[in-house]
Amino acid sequence: MSASDQEAAEQRVQDAVRRHARIRAFTEAEDVISAVLSDPGVQEARERVEAAETELGMELCARLQPFQDRYDQAVAAGDMARLTGACAGKHGRWGRVCVLPDGHETSMEEPHWGRNSEGRPIAWVGSAPDEW
């Protein structure tokens, strides 16, 4: 085996070891996350947070519904200028997209507001990436 073949073989082994370590780390992290999320105390806290977000969403609905209407119209019309002016706040995994103008958290002192995946008004604080 030539030196370059040997180096290539060593590189393949190192790459395989890195992949295996990464897969194992993700699997272990998923196991820990599942264990934490299945804890009754965590489930109760999540239910309380969801109830509070739904309640606040309903309270703000009358005042903020026009933003949802404009957002829906922009989506239907493909109005990219209006869509890019919307808040980037979202919780992609839970089907939430904030429909308020970008920067509202500081200028209006409002939480993020939109509709959840079931179509109910919801308000929340903070954001998560789409892949969560």
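Modeller: pLDDT is the predictor's confidence in each residue, from 0 to 100. For local features a pLDDT of at least 70 is needed, side-chain atom pairs count only at 80 or more, and totals for chains, interfaces and linings use all residues. Residues are numbered from 1 along each chain as its sequence is written, and side-chain values use heavy atoms, with hydrogens and water left out.

Biologist: Where is confidence lowest and where is it highest?

Modeller: Strand β1 (residues 90-91) is lowest, at a mean of 66, while helix α2 is highest, at 92. Where pLDDT is low, the predicted coordinates should not be read in detail.

Biologist: What makes something a helix or a strand here?

Modeller: Both are DSSP runs, numbered from the N terminus: helices are H or I with at least four residues, strands are E with at least two. By that rule the protein chain has 4 helices and 4 strands, and their order from the N terminus is α-α-α-β-β-α-β-β.

Biologist: How do you know that β3 and β4 are paired?

Modeller: Two strands pair if DSSP finds at least two bridges between them. Strand β3 (residues 112-115) and strand β4 (residues 121-124) are joined by 4 bridges, so they pair, and they run antiparallel. Trp 113 stands opposite Ala 123 in β4. The hairpin has 5 residues between the strands, and Gly 119 there takes a positive phi near 90 degrees.

Biologist: Why is the contact of Asp 15 with Arg 18 called a salt bridge?

Modeller: The label needs a side-chain nitrogen of Lys or Arg within 4 Å of a carboxyl oxygen of Asp or Glu. For Asp 15 and Arg 18 the closest N and O atoms are 2.8 Å apart, so the pair qualifies. The two residues are 3 apart in helix α1 (residues 3-37), which separates them by about one helical turn.

Biologist: How many salt bridges does the structure hold?

Modeller: There are 5. Among them is Glu 28 with Arg 24, at 2.9 Å from N to O; both lie in α1, 4 residues apart, about one turn of the helix. Another joins Arg 46 and Glu 50 at 3.0 Å, N to O. That pair is in helix α2 (residues 40-77), also 4 residues apart, about one turn.

Biologist: Why does Asp 15 count as partly exposed?

Modeller: Buried means under 20% relative accessible area, exposed means over 50%, and partly exposed is in between (1.4 Å probe, protein chains only). Asp 15 has 26%, so it counts as partly exposed. Glu 28 at 41% is partly exposed, and so are Arg 46 at 43% and Glu 50 at 32%.

Biologist: And Glu 53, buried or exposed?

Modeller: Buried, because its relative accessibility is 13%. Glu 53 is found in α2. Leaving out residues up to four places away in sequence, Glu 53 touches Arg 96, Ile 122, Ala 123 and Trp 124, where contact means heavy atoms within 4.5 Å.

Biologist: What makes a group of residues a nonpolar core?

Modeller: They must be buried Ala, Val, Leu, Ile, Met, Phe, Trp, Tyr or Cys residues, joined through side-chain atoms within 4.5 Å. The largest one has 12 residues, including Leu 60, Phe 67, Cys 98, Trp 113, Ile 122 and Trp 124. Both α2 and β4 supply at least two residues of this core, and α2 gives the most, with 4.

Biologist: How do you know that both faces of β4 are covered?

Modeller: In a regular strand the side chains alternate between the two faces of the sheet. In β4, Pro 121 and Ala 123 are on one side and Ile 122 and Trp 124 on the other, and all of these are buried.

Biologist: How many of the 132 residues, in percent, count as buried?

Modeller: That figure is 22% of the protein chain.
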